[in-house]
Amino acid sequence: MSFNYLKNAKKIICIGRNYAAHIKELNNPTPKQPFFFLKPLSSVVTPITQSQRRKSLPNGFSYRGLNEDGTNPSPILVPNGVTVHHEIELALIMDKYISNVSPGDFKPQDVYDSISGVSLALDLTARNVQDEAKKKGLPWSIGKGFDTFCPISQFIPKEQFKSDSQNLQDLFRLTCSVNGVKKQDGTSDLMLNSLHKIIQHISTMISLEPGDIILTGTPAGVGELHPGDNIQGKLYYHDKKLVDMAFDCEARPGPYLYKET
């Protein structure tokens, strides 16, 4: 399993509200066009396994860069006073510069040529932090950007999908379970904005670079995570399992405590 792709990431771009059922469960309005937000690279963590032991950090640190192999093995850290929600997402790994592309000039078959592969990610959300910021018209970057709030899997090269290179849209299924109970189960054909539209739309505002990671939205079933929980995410291509990752959840150390802004 390779995580070297994470060393090439310059930004993590996340599409919001891209599954109708998820929009409904949070009682959000459906956007008239795709919208997105950014997560910091310091939010990335990778699974702890027998071969990838938990990263040793200086006292008091919750992030200090990636290892030489691109890994950052860590549990999910739940900040004090924060309601953390899990959101499982298909991630596209860009392989080309894409900039200022007009609608109609980027088609479904162009997705395969523009990416190096995919991975599976959790877009963790500090829901109470985000909700308060929204109500007050404040930025909600912190609600998406805490350390460990982007657990992510190994790299899956696009060559595994070569037979479907003309249209990758309907090929993937992603699931999320908490403590062995399935919470999310969705397929990429349910996206309101297709993969090619997402890439094209982002490029009109922020140029995409090789190594950039795009999280493409989450299906319904989001829910809370607490210290002591174990969360498992799986990614399938047709019926073939590509990813099976798991993370434990712990209380975040340090001075942070959620307070009303």
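Thr148 is buried in this predicted model, with a relative accessible area of 1%. Its backbone carries a positive phi of about 75°, although Thr148 is not a glycine. The residue is placed in the loop between α4 (142-145) and β9 (150-151).

**Residues with positive phi**

- Asn179 belongs to the loop that joins β11 (172-178) and β12 (181-187).
- With a relative accessibility of 45%, Asn179 counts as partly exposed, whereas Thr148 is buried at 1%.

**Overall form**

- The secondary structure of the protein consists of five helices and 16 strands.
- The radius of gyration is 17 Å, close to the 18 Å that the globule rule gives for 261 residues, so the protein is as compact as a globular protein of that length.
- The C-alpha trace spans about 50 × 45 × 35 Å along its principal axes.
- Of the contacts with a separation of 6 or more, 78% are between residues 24 or more positions apart.

**Burial, surface and charge**

- Buried residues account for 51% of the 261 residues.
- The protein exposes about 11900 Å², and carbon and sulfur atoms supply 49% of that area.
- The protein has 29 positive and 27 negative charges, and their mean positions are 3 Å apart.

**Nonpolar cores**

- In soluble globular proteins, nonpolar side chains tend to be buried together.
- The largest nonpolar core has 50 residues, of which Val118, Leu168, Phe172, Ile199 and Leu235 touch the most other members.
- Strand β16 (residues 240-251) gives this core its largest share, five residues.
- Another core, of 15 residues, lies apart from it and includes Ile12, Ala91, Ile93 and Leu215.
- When neighbours within four places in sequence are left aside, the contacts of Leu235 include Leu90, Val118, Leu120, Phe172, Leu174, Leu242 and Val243.
- Ser119, Arg173, Lys240 and Lys241 are also among the residues in contact with Leu235.

**Helix α5**

- Helix α5 (residues 195-203) is mostly covered, as seven of its nine residues are buried.
- These buried residues are Leu195, Ile198, Ile199, Gln200, His201, Ile202 and Ser203.
- They pack against the strands β1 (12-16), β2 (35-39), β6 (88-94) and β13 (213-215), and also against helix α2 (108-114).
- Ile199, one of the buried residues of α5, is also among the members of the largest nonpolar core that touch the most others.

Notes. Residues are numbered from 1 along each chain as its sequence is written. This is a predicted model: local features need pLDDT of at least 70, side-chain atom pairs count only at pLDDT 80 or more; totals for chains, interfaces and linings use all residues. Side-chain values use heavy atoms; hydrogens and water are left out. Buried means under 20% relative accessible area, exposed over 50%, partly exposed in between (1.4 Å probe, protein chains only). Helices (H or I, at least four residues) and strands (E, at least two) are DSSP runs, numbered from the N terminus. Contact means heavy atoms within 4.5 Å. A nonpolar core is a set of buried Ala, Val, Leu, Ile, Met, Phe, Trp, Tyr and Cys residues joined through side-chain atoms within 4.5 Å. The radius of gyration is taken over C-alpha atoms; the globule rule is 2.2 Å times the number of residues to the power 0.38. Accessible areas come from the Shrake-Rupley method with a 1.4 Å probe; for residues, only the protein chains shown count as cover. Lys and Arg count as positive and Asp and Glu as negative; His and the chain ends are not counted. The place of a charge is taken as NZ of Lys, CZ of Arg, CG of Asp or CD of Glu.
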